[in-house]
Amino acid sequence: MKKASIAALMAACLMIGGAACAQGATLRLDGAIEAGQTLTVFAPYSGMTSDFSVRAGDEIAAGETLFTVSATEVTADCDGVVAALYAQPGDSADYITGRYGALAYLEQDIVYTGDCTISGAASDSENKVIHPGERVYVRSVSSNSRKGTARILSVSGKSYALEVETSDGLRVDEQIKVYRESDFDSDSCIGSGKLNRADPVAVSAEGYVLGVYVKEGDFVSRGDLLMTVVPERIGSATGGDGAVVMPEDGVLLSVSARSGAQIEKDAPMATYCPAGSMQLVCSVDENDLGELRPGMKAAVTLDALPEETIPATLVKIARAANEKGEFDVTFSLEAGDSLRVGMSATAEL
């Protein structure tokens, strides 16, 4: 009887001690760091994706270039000065052209053009055969002191067009004679004509203006880049050079764009997790759900950095089981440089 009483007492003590231990027990939940939010970067317009170096997992700062989508370049057709510039980034080329006649105008470096014929040329038959591209000399019919140099632009039968490259006093609508020799000897005369003002050159394009690289008053050479245009209205995530930039600090989760490939407007190019939005997701057996409440504080330890703890808060408990038959619980985390999507971690409550 005495032995039985002692055994019963010992069992009771063990039960009391076990309950006391359960009340002070720490709940440990294992899980992985995940992206709390996944956002997508879309192609702002159709074009060709240039080579790029970003990869999934890269940490990218706001404003850094992710990709460059090629745009159509609009270049100067002639040497001259930007006399008027109407287009600005974001403008519809059709609207600007309809309102002003062009996106911009270039005042040609050539002052005059001439409409000429072989009328008055020297009798030598050679002087009546004009060659496109040849350099010639022009002089006013009314004043020998007004003269200049010119270049033959085109020839059609007995007529030809020229442009005056240098002028010493020549005037618009002036009657001129054209010579092959700089001494204006009559034997080298190849015809006559009339000077016209060289009209400003209209700059035109179709689509929407992406970037403008000149300003009024700039001198440009033939072939210089004036502006770039794209087929569709421009999205907000672009720069004037066709760059698609990171909208905010974050980590790239995936890259779907391909170098050198055609991409259509609004096609996904990459996904990212905004900085500070990483979270810990743990799977919990249904028997442990009763111990959890949103708002509970926890200390999270990364398996890779066991000496470091990260403050966390339980923010969500799933209402449906996952594929393992357990329930996901989600913890928000204080931002830290050590966090990486996919890391294994443990939360202690």
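A disulfide is taken here as a pair of cysteine sulfur atoms within 2.5 Å, and in this predicted model the structure holds zero disulfides. Cys116 is in no such pair, since the nearest cysteine sulfur, which belongs to Cys189, lies 10.0 Å away; with a relative accessible area of 2%, Cys116 is buried. Cys273 is likewise in no disulfide, the nearest cysteine sulfur being that of Cys282 at 17 Å, and Cys273 counts as buried at 0% relative accessibility.

The largest nonpolar core comprises 23 residues, and those with the most contacts inside it are Leu29, Ile33, Leu280, Val300, Phe331 and Leu333. Two or more residues are given to this core by each of strand E1 (28-35), strand E23 (278-284), strand E24 (297-302), strand E25 (305-317), strand E26 (327-333) and strand E27 (344-348), with E23 giving the most, namely four residues. When residues up to four places away in sequence are not counted, Leu29 touches Cys282, Val284, Leu292, Val329, Phe331, Ala345, Thr346, Ala347 and Leu349.

An open sheet is formed by four strands in the order E15-E8-E7-E17, with antiparallel pairing. Strand E15 (201-203) and strand E17 (219-220) stand at its edges, and each has a single partner strand, so one side of each is left without a neighbour in the sheet. Strand E7 (residues 80-85) pairs with strand E8 (residues 104-108) in the antiparallel sense over five bridges, and Leu106 in E8 is the bridge partner of Val82.

The count of salt bridges comes to nine. One of them joins the side chains of Glu348 and Arg28, at 2.3 Å from N to O. Because Glu348 lies in strand E27 and Arg28 in strand E1, this pair ties together parts that are 320 residues apart in sequence. Glu348 is partly exposed, with a relative accessible area of 32%, whereas Arg28 is exposed, with a relative accessible area of 51%.

Another salt bridge is formed between Arg146 and Glu174, whose closest N and O atoms are 2.5 Å apart. This pair links distant parts of the chain, 28 residues apart, with Arg146 in the loop between strand E10 (135-140) and strand E11 (147-156) and Glu174 in the loop between strand E12 (159-168) and strand E13 (175-179); both Arg146 and Glu174 are buried. A salt bridge is also found between Lys324 and Glu326, with the closest N and O atoms 4.0 Å apart. Lys324 counts as exposed at 57% relative accessibility, while Glu326 counts as partly exposed at 23%.

Note on methods: Residues numbered from 1 in each chain as written. Predicted model: local features only at pLDDT ≥ 70, side-chain atom pairs only at ≥ 80, totals over all residues. Heavy atoms only, no water. Pairing = 2+ DSSP bridges. Buried < 20%, exposed > 50% of the residue type's maximum accessible area, 1.4 Å probe, protein only. Core = buried A, V, L, I, M, F, W, Y, C linked by side-chain atoms within 4.5 Å. Contact = heavy atoms within 4.5 Å.
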